[in-house]
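Visitor: I'd like to learn how to read a few features of a structure. Could you take me through some?

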Amino acid sequence: MRLLVVEDDRQLGPLVVKALRQEGHAVDLATSAVDADHDVRTHPYDLVVLDLGLPDGDGVTLCHGWRRDDTAVAVLMLTARDATTDKVAGLDAGADDYLTKPFDMAELCARVRALLRRPTGARQVVLRAGEIEVDVAARLVRRSGVTIPLTAREFAVLHYLLTRAGEVVSRSELYDHVWDGDYDGLSNTVDVHVANLRRKLDRPGAASLIETVRGAGYRLGG
Ligand code: CA
């Protein structure tokens, strides 16, 4: 999944980014309201971690603007300790959840996982496709009960295809949801990861779990 962290605190921002990258997500960082608004309107983020107090604006106004413009991205708001009015304003502005500072990084990651499961019916804890079972919380992939080791990026590609099961997903959509803005990849990056996934997931001689749709992209299931 692709995430944006909006946090102007020079220590906290990079720490949150690091923790979420360790969960296997593609994560960008914005340190101002202007940058955050631009990023959310430019990239198809799956979730935004949004600090309320920013040097050039506030998170409530940002979130309200995104909701007004029908931006469906999940929003986890970071609020100051005991500021109940902030929490209320944040939720009223369309935030999905909030976390009070200071917070535990493990709790932040757990809330992000919960939010990423929530928006569509497809975001269940365990996703299945054929013989493949993906435990999103534990980040484990099994085939007929046997664990298949995947890299974080391979897992992210598989997870995204599963959340869109039955639909054709273009290479650029996959790229946008799995790789962050810092990544300066090659044009065949997506294809290489799909090829590696097939090698690990498919049984020799059997049809591939991930179907290539000529000229359009990839489809898993359906
Ligand atoms: Ca702040």
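Visitor: How are α1 and α5 oriented to each other?

Guide: Start with the convention: axes are lines fitted to C-alpha atoms, for helices over the stretch in contact, and angles run from 0 to 180 degrees between N-to-C directions. Angles under 35 degrees count as roughly parallel, over 145 as roughly antiparallel, 65 to 115 as roughly perpendicular and the rest as oblique. Here helix α1 (residues 12-22) packs against α5 at about 55°, with axes 10 Å apart, so α1 and α5 are oblique to each other. Contact means heavy atoms within 4.5 Å, and it is made by Leu12, Leu15, Val16, Ala19 and Leu20 of α1 with Met105, Leu108, Cys109 and Val112 of α5. Helices (H or I, at least four residues) and strands (E, at least two) are DSSP runs, numbered from the N terminus.

Visitor: Before we go on, what sort of model is it, and how are residues numbered?

Guide: It's a predicted model: local features need pLDDT of at least 70, side-chain atom pairs count only at pLDDT 80 or more, and totals for chains, interfaces and linings use all residues. Residues are numbered from 1 along each chain as its sequence is written, and side-chain values use heavy atoms, with hydrogens and water left out.

Visitor: What angle do α2 and α3 make?

Guide: The axes of α2 (residues 33-42) and α3 (residues 59-68) cross at roughly 20° and come within 10 Å, so α2 and α3 are roughly parallel to each other. That crossing is right-handed. On the α2 side the contact uses Ala33, Ala36, Asp37, Val40 and Arg41, and on the α3 side Leu62, Gly65 and Trp66.

Visitor: And how do α6 and α7 pack?

Guide: At about 120°, with the axes of α6 and α7 (residues 171-178) 10 Å apart, so α6 and α7 are oblique to each other. α6 passes α7 in a right-handed crossing. The residues in contact include Tyr160 and Leu161 of α6, and Leu174 and His177 of α7.

Visitor: How many residues of α6 are buried?

Guide: Buried means under 20% relative accessible area, exposed over 50%, partly exposed in between (1.4 Å probe, protein chains only). In α6, 10 of the 12 residues are buried, so α6 is largely enclosed by the rest of the structure; among them are Phe155, Leu158 and Leu162. You can check the length of α6 (residues 152-163) too: at 1.5 Å a residue it should span 16 Å, and its end C-alpha atoms are 16 Å apart, which agrees. The expected span is 1.5 Å times one less than the number of residues.

Visitor: Which residues hold the calcium ion?

Guide: Donors are N, O and S atoms within 2.8 Å of the metal (3.2 Å for Na, K and Ca); water is not among the atoms, so sites may look incomplete. The protein donors are Asp8 (OD), Asp51 (OD) and Gly53 (O), 2.2 to 2.3 Å from the ion, spaced D-x42-D-x1-G in sequence. Asp51 is buried at 5%, while Gly53 is partly exposed at 45%.

Visitor: Where is the cis peptide bond?

Guide: It joins Lys101 and Pro102, with omega about -5°. Pro102 is in the loop between β7 (97-100) and α5 (105-117).

Definitions and conventions. Left-handed = near helix turned anticlockwise from the far one by under 90°.
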